[in-house]
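Biologist: I have the model open. Can you walk me through the packing?
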Amino acid sequence: MTQQPVATSDKLDAAVLKVAGVVVLGAIMSILDVTVVSVALPTFQNEFDASYARVAWTMTGYTLALATVIPLSGWAADRFGTKRLYMVALALFTIGSGLCATADSIGELIGYRVLQGLGGGMLMPLGMTIMTKAAGPHRIGRLMAVLGIPMLLGPIGGPILGGWLIDTASWHWIFLINLPIGVVSLLYAQWALPKDRPEPSESFDFLGMLMLSPGLALFLYGVSSLPEAGTMADPAVWLPMLAGAALLVGFVRYSFKPRHPLLDLRLFANRNLTIASVSMFVFIIAFMGAGLLFPSYFLQIRGETALSAGLLMAPQGIGAMVTMPIAGALADRVPVGRTVPFALVLIAAGFFTFTQVDPDTSYWLLRGSLFVMGLGMGGTMMPIMTSALKTLQAQDVARGSTLVNILQQIGGSVGAAVMSVILTNELNGSRPIPGVTDPSGKPVTEAGLAIASQQRPELLQQIPVPPALVERGLDFAADAFATTFWVAFVLVLLTFIPAAFLPRRREPSHLLDGEQGEEPRTPVAIH
């Protein structure tokens, strides 16, 4: 009797695939939008006359917004209904995309990106809930394979699509392209998703949310203000940092009191979850932070077009595509403590090349290094997540997956802010060119002119300077990138410390406790 459902559950029928189509469309929009924008940051610098640390907030604000709504989505889905909330998330994301294309200042663009992130953050967890309800928890593996398509293609297609749109049209189109996809997704969702009834839900920790998200935003804003202020003594730096730190400390102290806290920090009593979370957090800061700088190096130091920069980034996504399915299969049979360190060795080996970059580093070497890093990336993230959730009791899986997903987004936010600050600070050390100022009256530095002339060679006719000066500025700028990559490289090496404590023996999994009759809670998809 018990074998029959298992046999029939191997196939995803037409009704399930119809629902899966809605979720995949939403996932494509959400995931592509992170990678598409990565090649646009130098364009934003030119368009809005802003520092790299400032424009990086188009990523930092987006990921902080994602982190804010991930825990909110489960509570809101119970209260308002999954279908209705998913369509609201699609609408928010689509409206945010349209508004981004209308931005006249970097502040406006950051604000609209936050709105976009509030919608995008709900798409993946709600999508997983919708798909699991449609197909049943016993087919989560099959469903993840379907969701894995946009997860694998996003890092490859995003930079290429973004580069092509910037080169052939304008930066506005990296956001405008979401409008027709969003409208189609909304119509498709209205037709394909089954109606569901809102049910009474557990209380939501609004106080925790009001401390965590503003605390992180204020702290990172203070850090990001450092290059412009030039000193920690400036109130623009220490005041938001102090206020943010106070809110974060208050959040941690408060989180142990509510029955249903925003982040259940009590789960860190589980050794495997703690070790996996620390490994992931340090790794994400390094990898996501430096990952934003790779396209910028190709654009600003090598003078490539946005499309060429996107194509040069493709080997990293291809490498991840090769190893991710293998790592997923091995995670069920081989303890992650025996596989993840090898994947980290690949990442460190590929990363080291970027600590040595100059204006003439071989493209074959850089592409090969990105491919090796991608191989390591595919063998790192999902196994660590599996290790984090595997030994949790069934009733803790939903809260555990929310915790690690939020930590991932926070790590990405911290990485984007910190690495952009280091790069901006390094570039600020370049010599000013005597008698040359920009339209706002600020002195133009050798590195600043060299970077600008890579994309706009006509500047060298308007500002006649010796070629040796431009060459010196380009060397300085390349060294600034290399120094920033060194910081990220050291963080990757530090990941080996917690990774050494990952489980090296097979441990019983509680993820399938539902086989005894209790349906397990659905983990949130990590992206």
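Modeller: Contact means heavy atoms within 4.5 Å. In the chain, 82% of the contacts with a separation of 6 or more come from residues 24 or more positions apart.

Biologist: What should I know about the source?
Modeller: This is a predicted model, in which local features need pLDDT of at least 70, side-chain atom pairs count only at pLDDT 80 or more, and totals for chains, interfaces and linings use all residues. Residues are numbered from 1 along each chain as its sequence is written, and side-chain values use heavy atoms, with hydrogens and water left out.

Biologist: How many helices and strands are in the chain?
Modeller: The chain has 23 helices and two strands. These are DSSP runs numbered from the N terminus, with H or I and at least four residues for helices, E and at least two for strands.

Biologist: How do helix 5 and helix 6 pack?
Modeller: Helix 5 (residues 57–80) and helix 6 (residues 82–100) pack at an angle of about 155 degrees, and their axes are 9 Å apart. Axes are lines fitted to C-alpha atoms, for helices over the stretch in contact, and angles run from 0 to 180 degrees between N-to-C directions. The two helices are therefore roughly antiparallel (angles over 145 degrees).

Biologist: Which residues meet there?
Modeller: From helix 5, Tyr62, Ser73, Ala76, Ala77 and Phe80; from helix 6, Thr82, Arg84, Leu85 and Phe93.

Biologist: Different topic. How many aromatic pairs?
Modeller: The structure holds 19. Rings of Phe, Tyr and Trp (its six-membered ring) pair if their centres lie within 6.5 Å; planes under 30 degrees apart count as stacked, over 60 as edge-to-face and the rest as tilted. One of the pairs is Phe44 with Phe175, which is stacked because the planes are at 10 degrees, with the centres 6.5 Å apart.

Biologist: Where do Phe44 and Phe175 lie?
Modeller: Phe44 lies in helix 3 (residues 41–48) and Phe175 in helix 9 (residues 173–176), so the pair ties together parts 131 residues apart in sequence. Both Phe44 and Phe175 are buried, meaning under 20% relative accessible area (1.4 Å probe, protein chains only).

Biologist: And Trp171 with Phe175, what kind of pair?
Modeller: Edge-to-face, because the planes are at 85 degrees; the ring centres are 6.3 Å apart. Both Trp171 and Phe175 are buried.

Biologist: How much of the chain is buried?
Modeller: Of its 527 residues, 55% count as buried.

Biologist: What about helix 15?
Modeller: Helix 15 (residues 293–301) is mostly covered, with nine of its nine residues buried. Gly303, with a positive phi near 70 degrees, follows helix 15.

Note on methods:
Parallel < 35°, antiparallel > 145°, perpendicular 65-115°, else oblique. Buried < 20%, exposed > 50% of the residue type's maximum accessible area, 1.4 Å probe, protein only.
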